[in-house]
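Subject: Structure for you to look at

Hello,

Here is the structure you are taking over. Please open it first, then read the notes below alongside it.

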Amino acid sequence: MASEPGQGGSTERAAAFWAGRHALPDAGAHDNFLSHPLLQAYVSLRAFGNLTGHLDAVIGEIRDRTRPGARVFSPGCGNAAKEVAMARALPDRHFVACDITPSVLDAARAEAERQGVRNLTLEFGDFNRLELAPASFDIVTGLGSIHHVEALEGFWSQVRRALRPGGVVLAQEYVGASRFQWPDAQIEAASRALRDLVPERHKPHHREVHRIPVGFMLAHDPSEAVRSAEILSTCRAAGFAIDGYASAGGGLLQPVLMHQIDTYEPRNWEHNLVLATLFHEEDRLMRAGVLGDDFAMFVARPA
């Protein structure tokens with residue numbers, strides 16, 4: 001936690017902050033700010049230069065890079081909503097997805113059945129202990145799941161083994177600070193933005209940024225952003241080349257907006273003006289080298 005912008009602060013005070021005023025986020029809640037349509041547009045414009053939907057971009061890449069009959073693997077699928085959407089969009093490709101929670105898989109299978117999806121196989125599997133057959137997939141996707149992988153070296157090794165010649169990884173991931181242990185410069189920038197750019201009505205959850213104590217993360221959501229900052233470096237170390245990288249930003253927006261994005265009504269242009277001001281400030285700080293990407297989209301190819 002930073003008691004003042006840029007000043008590391010005490011672990012004890014950070015723990016008191018979270019224990020006394022704020023519950024630890026639920027799994028996946030760190031990116032809830034991306035549910036706002038203007039945030040989705042901002043990310044698309046930054047990454048693609050247009051308003052292509054984030055999942056639509058993955059579907060388009062799979063369509064362009066594979067032929068009918070291709071096999072696509074998606075680890076850590078959760079409720080498989082993205083996998084069902086991909087399978088519906090590309091009925092002549094076959095999708096295989098895995099998750100570690102049987103009840104979640106049962107619900108996902110029922111939903112796929114309800115939607116008439118026949119080209120999706122949902123399997124029990126732990127992405128920290130993958131055992132993939134050699135040359136079994138044309139594409140491996142990472143749709144917000146890789147930042148939950150702790151055994152990244154083994155994960156990348158298995159993915160490399162499983163890809164067929166010409167196959168690639170298509171990823172849209174959180175690649176920011178592991179366990180949300182934001183560096184001082186990011187905390188300072190986000191706390192300053194909250195103070196100077198964000199009206200009080202948009203700060204019901206927090207008025208300054210605090211690191212979430214690691215102990216809280218381990219107790220409540222031990223896989224969240226477990227080694228997120230190492231995703232790209234371990235990918236390269238495993239023998240992949242990053243053929244394409246698209247900045248999705250979020251270094252300022254995530255700590256400022258997480259858990260309070262619901263205060264921004266998409267049809268309220270005063271609210272949208274605040275968001276636009278934050279977009280401009282994030283871009284300015286990224287251009288100045290103060291902030292990097294918390295989120296990124298990339299294509300990785302076995303070198």
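**What was found**

In the sheet, E173 stands opposite A296 in strand 7. That pair belongs to the contact between strand 5 and strand 7, which run antiparallel and are joined by six bridges. Please keep in mind that this is a predicted model.

In what order do the seven strands of the open sheet lie? The order is 3-2-1-4-5-7-6, and the pairing is mixed.

Strand 4, helix 6 (residues 152-162) and strand 5 together make a right-handed β-α-β unit.

Is strand 5 largely enclosed or largely open? Nine of its twelve residues are buried, so strand 5 is largely enclosed by the rest of the structure.

Helix 5 (residues 102-114) has 13 residues. From its first C-alpha to its last it reaches 18 Å, close to the 18 Å expected at 1.5 Å a residue. Which residues of helix 5 are buried? They are L105, A108 and A112. These residues cover an arc of only 60° around the axis, which puts them on the same side of helix 5.

Just after helix 5 comes G116, with a positive phi of about 75°.

In helix 4, the buried residues are E83, V84, M86 and A87. Seen down the axis of helix 4, they fall within an arc of 165°, so they line one face of the helix. What do they pack against? Their partners are helix 3 (54-65), strand 1 (71-74), strand 2, helix 5, strand 3 and strand 4 (137-143).

Most residues other than glycine have a negative phi. Two residues in this model are worth a look with that in mind.

F180 is not a glycine, but its phi is positive, at about 60°. F180 is found in the loop between strand 5 (163-174) and helix 7 (184-197). Is F180 buried or exposed? Its relative accessibility is 2%, so F180 counts as buried, the cut-off being under 20%.

A225 is also a residue other than glycine with a positive phi, near 50°. The loop that holds A225 runs between helix 8 (214-220) and helix 9 (231-237). A225 counts as buried because its relative accessibility is 0%.

S44 lies in helix 2 (residues 37-48). With 3% relative accessibility, S44 counts as buried. Which residues does S44 contact, leaving aside its neighbours within four places in sequence? The contacts are G49, N50, L51, T52 and H54.

A189 is placed in helix 7. A189 counts as buried at 3% relative accessibility. Not counting residues up to four places away in sequence, A189 touches L252, L285 and L291. For a sense of distance, the C-alpha atoms of A189 and G69 are separated by 48 Å, and these two residues are 120 residues apart along the chain.

Regards

Technical notes: Residues are numbered from 1 along each chain as its sequence is written. This is a predicted model: local features need pLDDT of at least 70, side-chain atom pairs count only at pLDDT 80 or more; totals for chains, interfaces and linings use all residues. Side-chain values use heavy atoms; hydrogens and water are left out. Helices (H or I, at least four residues) and strands (E, at least two) are DSSP runs, numbered from the N terminus. The expected span of a helix is 1.5 Å times one less than its number of residues. Buried means under 20% relative accessible area, exposed over 50%, partly exposed in between (1.4 Å probe, protein chains only). The arc is that of the directions from the helix axis to the C-beta atoms. Contact means heavy atoms within 4.5 Å. Two strands pair if DSSP finds at least two bridges between them. A crossover is right-handed if, with the strands pointing away from the viewer, the path from the first strand over the helix to the second runs clockwise.
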